[in-house]
Structure formats: structure tokens, C-alpha cells
Amino acid sequence: MFFRKIISRSGGKEYAYLKLIENYREGSKVKQRVIANLGNMENLTPEKVENLIEGLARVCGISRRPARVEARRILRYGEVLVLHHLWRILDIPGALDGITGGKKGGGELSLLLELMTINQVIKPPNKQVISDWCRCLYLPDLEGKELLEQHFYRALEQVAEIKDALAGALFHRLSALIPVDTGITYAWQVNAVLEAAPAGPPNLSFYSRYLLEEPAVEKNVQFLLLVSGNGMPLDHYLLPEVAGEGFWRAVTNRIHEGYGARRVIFAGDRRVPTNPYLEVPVALGLPYLIRRSVEEIWNGRVDQEEPGPATGFVQVDQDLWFKEMGADGIRRLICYSPQAAREKIASFREHLSALEGQLQELQRKGGLSAEAPVLRDDLCREFFNWHVDRSTGEFRYRRREDRIAREEKCAGMLVLETNVPEVGGAELVRAYLDMKLLGRGCREIRSFEHRPRQYYQELSLTGNLVVCVLALLLERVMERLLAGAGLKLTARQALALLEEVQMAINRVDGVEMKSVTPLQRIHQEILRVLGINNLQQEIG
């Protein structure tokens, strides 16, 4: 049991009342009910409060000696509370129950999926298995639960089986909460890494480890992240090893039918040499928005031009401009950031100076060591030539000024290419940069649990990607709510601040008590904006 202060407003005045609350369990859910109303707090003077405490102690036969306090644990609470609240706002438990019909333990599945999503959002730096990590969280639904590693990887398999139905259900729930523009929908290609599984049980014998074939290395993963026109993550499509014409057209049809998209645009970075996937939609003439190499497209001295209407540039935001070029239905958007150019050039010159200092040291010493680290540096190989005179052993080097000039000329530039005629250039630039930012959040996919090789397969990988999309969705919904209230914080910044809000578990005279660490003003503001009011400080 615990006390809760209730605020009510009437006639322009604010009143505070005190109630005694009790937690109770109904099925798998923890609920609360009012045990007693103690009236207006204005009437509860310190003397009256002390008399109440004395009377309660006397009736219960408890001596009023100094309390014996034993500190037990500190649990993560602030960011967990917010993510749990967003989970409920999107009614993900309801979506799972509606799909499974309760036959696959919808309540248990929701809890396991929520824990994995929180883990993907928080990204704890250690590689602890989630069945151990979740013990450092305060979440009422976890009380009395013993979650083992097999519960989590079986949940991943269950989620993989209902992936499409869950994406559809969440799309309808999201659309009822905030506007979701799917007229133009993007399929952004992500090159990600599934982290190595956490270490397995230490008591496995050598032969058990060998026969189970523990996956000890990271796994490269390529998939399409489906993003609405206004930047909301909706779904994913795992890319097969060979993605031919049939795959790309099938994905296009599924997005048209499932999300009512008028236009599906495949997007990504075509510069990556190990990335052949985007070549297919480009060759097929499907709508695309890709990043191209600056050197092969643009040779103008943009760094010497003043961005503005006079030079053909259009401003996208405070420090980003673009100029549109193109012919034969292919549009090229030459983007330029003066601030980024200055920062990159300064960093580049600093690195070159350090490399040249090391080359001068080799020259001073006379002679050349093939093991010299500077000679293995990629930038050194690209921007310097060196030579050893065999007769004298003299080491010489020279700067490749043409390469250096080209590098500085292209600093701060980004070249996009598209065959989409009806979307404005500024909108395409914003969409690309926003998707790039969104894609960074899923470049590392959590593995969650040690599991034998037979569970390390495409089905389970689909479950991991579902968790990844859910994590991105919670962050984006949170950012929309913060921005809507005028709070200039990203989801990452807000969650980092809320890490300071923790749950202290203490034992007072043999009775376990929970208390929330003091809230700062910024914590209260974030919670208020997200709809979390009257956070109880003491929990019995």
C-alpha cells in the first residue's frame, strides 16, 4: 500500500487530496484501488499527521523506534516507465491479443516483446543476456516472473510468424494516434549487423559447445525498412541473397495493397561497393532515390560559391542548400553544407599534417621500415606518394596535391539521384537525410540471448528485425509528442535525461519499500508532455 496525492481543479483553484492506494493482481495485470480517502491535504497539519502515525502504530502494536533501513537495489525506471507508457499508448498488447486470440500466450508474448524492444532502444553497452539484464529494470509486470532465455528466443519465433499481421495492426493503431502519410512511401535499404550472441552457459562441455555450434561472430544483415512519407517506421522486408525482379515488384505490390501507397520509392546509398541490391530497382526503372559518389557527378567549385539564388541553390534549412540538375528524366540534387565543409576540411588537414609529420620522421631517420604504421594508413596511401632510392637508401615522399584539392572541393557535399518527377527537391533531400538518421538506429541489431545454431536462422532473424522496427517506432512517436508540445529534445536526449530517474528498493524494519529518486524540473516536463502525471514517489 502507498499514499497518493491527487490534484483537482475547480473554479480556477487547485486542491490536493490524499488517498491510500493498494496494488492488486487481476489475471496477468497489476491494478490499483482506493482503500481510504484522507481528505484535503490543507487540513493535514504536521501535528495531525504525527497523531495519525502514532495512532496507527499503537493500534498495530508497533514501537516508534528509529527505523532500520537496509539498501537493497537500484533499478532503471525513468526511461523504462516512458517506453512502457508508449507501448500502452500504441496498444501493442491489444494488437498481439487480437492476432493470437490468446492461444499463444498473448500477455506473456507482449511482455517478452516489450522487454526486447526496451533493450533495443536503450542498447546497454554490455553483452548481458536479456533474461539477466531485465532484472535491473523496474516494471510492475515483471514482479513474480521468472523469465528464462528460451522464453525470449521462442517469443522471437512467434513474432516472426505473425510479422505481417502485427505490422498491419500497428499501422491502424498508429494512424489513429498521429497522422501517417503513406501516399509516398519509402523502402530504405539498411546494411546492419546482428551482434554476436551473448556468451553461453559456462557449464557447457567442449563437446556440447562444438555440437551446438554456438554462433560467436556477428552476422551481416540487409533489409528494407519501410518508412512513411512523414518519417514513421512501419515494417521491414528481409533481403534474400539474390533479390531479382520478382522480389522488388512483389514488395512494391505488398506496400501498395497494405498501406495504400500511391508511390513506393526505393532508397539507399549506392556508393557502398559491397551493396549490389539497389542496382536492380534502378535497372528496372522502379522509383528510386539513391546517393551517388560526388566525384563522378559534380566537379564544380561549390566550396568557393556563396549558396543562394544567384548560384542556383535553394535553401533546405539553416545550413543545407541544394541545386537541382539533370536530363533525360534523371534528377540530380547537389546538396551542400558550408558548416560541414569547414569542419571536414579542418579535420582532413589536421589528419594530413599528422601523417606528413610521421613521413618526415621516416625521412629524417634515413631508411624505411615496411612495418611503419603510417605506410599502412589508407589516407596516406591515397594522398601521398613515397619512394626509396635503392642506391642511397634515401626515403622521399610527396603530396598528391590534385587528390588533396579534389577532396577539399567535395567536402560538405552530398549528391542524390532520383527518377521521381512529382516530389519536390527539398522534400526528397529532407526525406533522404531523415531516413539516413533513422537507419542509424538499426545498424546494430540486438541478439538478446545465447541460443544454439538451430535457432539462429531466418525465422528468428525476422523476429529480431520486428523488435528493431518497434524500437524505432517508439522513438519516433516519442519525438512527435515532444515536438508537438514545443519541447526541443530528441528521443535519445530525453531518454538519456530520464536515466537519472531510478527506483530504489530498500528494506525498512523488515518491510520492502520502493521509492523513486527525486525528479528534476526537466524530468517532470518530459513526463507531463508524454502524458505521465502524478508519478507516485513511494510504492509499498
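Rings of Phe, Tyr and Trp (for Trp, the six-membered ring) count as a pair if their centres lie within 6.5 Å; planes under 30 degrees apart are stacked, over 60 edge-to-face, and the rest tilted. The structure on display is a predicted model, in which local features need pLDDT of at least 70 and side-chain atom pairs count only at pLDDT 80 or more, while totals for chains, interfaces and linings use all residues. Residues are numbered from 1 along each chain as its sequence is written, and side-chain values use heavy atoms, with hydrogens and water left out.

**Aromatic pairs.** Seven aromatic pairs are found in a search of the whole structure. Select Tyr 77 and Tyr 138: the ring centres are 5.4 Å apart and the planes stand at 65°, so this pair is edge-to-face. Tyr 77 belongs to the loop between strand 4 (69–76) and helix 2 (78–89), and Tyr 138 to the loop between helix 5 (130–133) and helix 6 (149–161); the pair therefore ties together parts that are 61 residues apart in sequence. Helices (H or I, at least four residues) and strands (E, at least two) are DSSP runs, numbered from the N terminus.

The open sheet has three strands in the order 1-2-3, with antiparallel pairing; two strands pair if DSSP finds at least two bridges between them. From one strand to the next, the twist averages 40°. Strand 2 (residues 13–26) is joined to strand 3 by nine bridges. Glu 22 can be found opposite Arg 33 in strand 3.

**Two helices.** Move on to helix 12 (residues 338–365) and helix 14 (residues 401–409), whose axes come within 10 Å and cross at roughly 155°. Axes are lines fitted to C-alpha atoms, for helices over the stretch in contact, and angles run from 0 to 180 degrees between N-to-C directions. Helix 12 and helix 14 are therefore roughly antiparallel to each other (angles over 145 degrees). Display Lys 344, Ile 345, Phe 348, Arg 349 and Leu 352 of helix 12, which meet Ile 404, Glu 407 and Glu 408 of helix 14 (contact means heavy atoms within 4.5 Å).

**Confidence.** Finally, colour the chain by pLDDT, the predictor's confidence in each residue, from 0 to 100. The mean for the protein chain is 84, and 86% of its residues reach 70 or more.

Terms used
Parallel < 35°, antiparallel > 145°, perpendicular 65-115°, else oblique.
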